[in-house]
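This report covers a ligand shell, a helix pair, the domain layout and some backbone details. The structure is shown first.

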Amino acid sequence: MKSPEQWLVRHITRTVRRSLVGPEQRWVFEQPPQGWTPPPVNRTSLYLHVPFCRHFCPYCPYTKVPYREALLEPYTRAAIAEVDWWADRIGPAEITSIYIGGGTPTLALDSVARVLMHVRKRFHLTGDICIETNPADVNDETVKRLHDLDVALVSLGVQSFQARNLAVIGRTYQPDIAERALALLAESGFSSVNVDLMFALPHQTAEDVSADLCRAVQLGADQITTYPLFTFPYTSVGEYLRLKAVRMPNLHMRKAHYRMINQWCTEHGFERVSVWGFKRGGIPRYSSVTRDGYIGIGPGSGSHLPDGFVLNTFDLNSWIDAMDNGRMAIALRIPFADKMPGWWWLYWRFYDTRIPLGAIDGILGHDTPKVRRWLRVVEKIGLAVRNDEYLELTEPGAFWLHLAQNYFALNYVNTLWTQARREPWPKEVFI
Ligand code: SF4
């Protein structure tokens, strides 16, 4: 049952999206129709999902299964078959970046190597390879193998350098493991090393957050991605939420932490590159989600295509079975109405916190006057400022967007993922 707050948020977001994107866009994911095939694509990015974890962090919403060596071969075989599936349909596209996430990709680097070799065979890879790493797996051997794979950008999921905060989120490694891992990655010649840090954890103070930022920078992080505790109902934290006293951090605390992070990063020469991320100037940006189009390989992975968004089955065995038998692994699809690609683009430029004003006319078409009116309001109330050809979100603007995304995640992603995790091939999901 929905709380009054959830009902209100859902009602507001439905009204807003209808007035912006228009009534033609249906907000429902359905099984792709018989005979559906993805349209040809010239350039795209590629996401590879590696769904294995040794230990499940209680707050984590991502698609994952307990690591077992016996699963690696069927996983690799299916991933290679899925690369073929896409190449046969969209054509030998240029791949402008590869993002490898999970799960824990560093648990399956042999599999990753074989899949990447196949991607190179079937597509034309021109962009960088980025990968997520786990502090417990980073050592000299891992670094060597990442270089062998031509990985350029790495991200380390530290979350906190303090034992007390690691315990709150159920991480089993000690801070010195994360510190050693970061120092090693930072001195190993990657183009950029990103560190994920969490804020607004239960009982975490602003001093804790600032100490984590300092430690990350001392150890050589090029980019810092900060995010608060999300509590999706289907994670153990969600269950825990109902049973015990852990609460989503309150607004005041999130705001105070966010302001402090923003100020700290600016004072230490980091520029904001997204709602959550700050990087040193001149270093390439590490990013998982802001690409304009991508195809997803692996259970639960999504693909952003010119005509819509599709989502693979979340169930590992169903995904392997589909691939082994030459069937499509896509479980759900939302087709885009004409105006949707433009609004999707704008949403992610807001996420970047910089909107290139000159590009709006070409991308938003007839909706340009509406968008420009809307941006003027955003500017007038102090959520953004004009900077040459860009409209840049201010710190309050970025915070409120962060909050809106939080609600977006809880109300849309949560609805979709809850259903997709409940059954391998859901019929339809209304968001
Ligand atoms: S946070 Fe990372 S390591 Fe933890 S369960 Fe999720 S995917 Fe696995």
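In sorting residues by class, Ala, Val, Leu, Ile, Met, Phe, Trp, Tyr, Cys and Pro count as nonpolar, Asp, Glu, Lys and Arg as charged, and the others, Gly among them, as polar. The model is predicted: local features need pLDDT of at least 70, side-chain atom pairs count only at pLDDT 80 or more, and totals for chains, interfaces and linings use all residues. Residues are numbered from 1 along each chain as its sequence is written, and side-chain values use heavy atoms, with hydrogens and water left out.

**Ligand shell.** C53, H55, F56, C57, Y59, C60, K64, G103, T104, N134 and R171 surround the ligand. This shell holds 5 nonpolar, 4 polar and 2 charged residues.

**Helix pair.** Helices (H or I, at least four residues) and strands (E, at least two) are DSSP runs, numbered from the N terminus. Axes are lines fitted to C-alpha atoms, for helices over the stretch in contact, and angles run from 0 to 180 degrees between N-to-C directions.

| Item | Value |
|---|---|
| Helix 2 | residues 72-90 |
| Helix 3 | residues 109-122 |
| Axis distance, helix 2 and helix 3 | within 9 Å |
| Crossing angle, helix 2 and helix 3 | roughly 15° |

Angles under 35 degrees count as roughly parallel, and helix 2 and helix 3 are therefore roughly parallel to each other. With contact meaning heavy atoms within 4.5 Å, L72, E73, Y75, T76, A79, I80, V83, D84, A87 and D88 of helix 2 meet S111, R114, V115, H118, V119 and R122 of helix 3. The residues of this contact divide into 8 nonpolar, 3 polar and 5 charged.

I80 is part of helix 2. Leaving aside residues up to four places away in sequence, I80 touches R114, V115 and H118.

**Domains.** By an automatic or database domain assignment, the chain is divided into domain 1 (1-30 + 340-431) and domain 2 (43-280). Their contact takes 22 residues from domain 1 and 21 residues from domain 2. The C-alpha centres of domain 1 and domain 2 lie 24 Å apart.

**Backbone.** Most residues other than glycine have a negative phi, and most peptide bonds are trans. The peptide bond from G102 to G103 is cis, with omega near 20°. G103 sits in the loop between strand 5 (94-102) and helix 3. Q159, in strand 7 (residues 153-159), has a positive phi near 75°.

Technical notes
A residue is near a molecule or strand if one of its heavy atoms lies within 4 Å of it. Angles under 35 degrees count as roughly parallel, over 145 as roughly antiparallel, 65 to 115 as roughly perpendicular and the rest as oblique.
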